[in-house]
Amino acid sequence: MGAYLGVDIGGTSVKWALVDDTFTILDRGDTPTAFSSSDEVVQAIVDIARAHAGEFQALGVSAPGLIFEDDPDGTIYHGGALTYMHECPIGRILRERLGVPVAVRNDGKACALGEYAVGALKGARVGVVLAIGTGIGGGVVINGSVLHGTHCFAGEFSMMRNDITRPLTIPNTFSDVCGWMGLRRFVLEAKGLEGDPAYADVDGRTLFEWIDGGDEDARRGLDAYAGVFAGRLFNMQCILDPDVFAIAGGISCHDALIEAIERAVSEQRRAYTGPLDAMPMPRITRATLGNDANLYGAVQEAHKLLA
């Protein structure tokens, strides 16, 4: 039985796991992302790998930024919050220093691949992950392969425009309206607290304490948010027609969120009439792997290198 090393480069920590052919985690750990250069990131991964020398056959890396599928060097462009990773050919460097096959994937796409391998998308012919955070991350998996697109931009849901009559600016994007801060605005507006400096630091935990505690205004705000979110799902259903949408991200652990989106989808589907009767209803589920999805996705790609 073979084993693979998966590494997830995040803004807070670099997580790693040794995973076998059955996707069972054999060992795992993490180190803080206290780096100031790409060389330091690479060295941290090399140190992790060398501490497990001989225990794995291939390495999979999940990283922020644009990473082209057909690039043998696994070069990272932009690097998200880790701007020092821009133009780092991390795949080639790690392959040369470690002497093992290396696959590098964007973190959103790795998340989708992980959910396909052992999570909420398992068995789906076409599946979509939407990760609700500051923005809307995620990816599209079709027949076991993640969709990259010509410019490696497929699955960058954050940049979808809300109002086609207005310019494409950050306030007019899916990210701004339906990231977790968007939910915060909907709830504070419903409670009449938007702009009140006393509530400037309200976080997701507080929002769901209100919602789960039966606060009717907060629930009305959640429903308004879910209605906007559901409308985007119908747009994606028309374009991709997936088997399932898996909702990921920190706030996805709250049943109230998933239930509100499901209600909004049902209500909007009932509103379709006439020639639109054939419109499929988007199927919603919660992503199941949490913070491990990127690791599993990285391992899924490493596994392919030896197939």
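Start by selecting D8, which is buried, with a relative accessibility of 4% (buried is under 20% relative accessible area, exposed over 50%, partly exposed in between, with a 1.4 Å probe and protein chains only). The model is predicted: local features need pLDDT of at least 70 and side-chain atom pairs pLDDT 80 or more, while totals for chains, interfaces and linings use all residues. Residues are numbered from 1 along each chain as its sequence is written, and side-chain values use heavy atoms, without hydrogens or water.

**Salt bridges**

The whole structure holds 11 salt bridges.

Now go to E96 and R92, another pair joined by a salt bridge, here with 3.9 Å between N and O. Both sit in helix 2 (residues 90–98), four residues apart, so about one helical turn separates them (helices are DSSP runs of H or I of at least four residues, strands runs of E of at least two, numbered from the N terminus). E96 is exposed at 58% relative accessibility, whereas R92 is partly exposed at 29%. Select D73 as well: D73, R92 and E96 belong to a linked network of salt bridges.

Next, display R286 and D255. The closest N and O atoms of this salt bridge are 2.6 Å apart. R286 is in strand 12 (residues 284–286) and D255 in helix 8 (residues 255–271), so the pair connects distant parts of the chain, 31 residues apart. Both partners are partly exposed: R286 has a relative accessible area of 26%, and D255 stands at 45%.

**A buried arginine without a salt bridge**

Select R184, in helix 5 (residues 180–190). R184 is buried but has no salt bridge, and the nearest side chain of opposite charge, that of E194, is 5.2 Å away. What does the side chain of R184 have 2.8 Å from one of its polar atoms? The backbone oxygen of Y199 is there. Apart from neighbours within four places in sequence, R184 contacts Y199, A200, D201, V202 and L207 (contact means heavy atoms within 4.5 Å).

Move to G6, in strand 1. G6 is buried, with 0% relative accessibility. Not counting residues up to four places away in sequence, G6 touches K15, W16, A17, G60, L295, A298 and V299.

Then select T33, in the loop that runs between strand 3 (25–32) and helix 1 (38–50). Is T33 buried or exposed? T33 counts as buried, at 14% relative accessibility. A polar atom of the T33 side chain lies 2.8 Å from the backbone oxygen of G10. With neighbours within four places set aside, the contacts of T33 are G10, G11, T12, S13, V14, L82 and Y84.

**The largest pocket**

Which helix gives the most to the lining? Helix 3 does, with four residues.

**Two positive phi values**

Most residues other than glycine have a negative phi. Select H78, where phi is positive, near 75°. H78 is in the loop between strand 5 (75–76) and strand 6 (88–89). Finish at E87, which lies in the loop between strand 5 and strand 6. E87 is not a glycine, but has a positive phi of about 70°. E87 is exposed, its relative accessible area being 53%.

Technical notes: Lys and Arg count as positive and Asp and Glu as negative; His and the chain ends are not counted. A salt bridge is a side-chain nitrogen of Lys or Arg within 4 Å of a carboxyl oxygen of Asp or Glu. A polar contact is a pair of N or O atoms within 3.5 Å; within protein, one must be able to donate a hydrogen and the other to accept it, and residues adjacent in sequence count only if both atoms are side-chain atoms.
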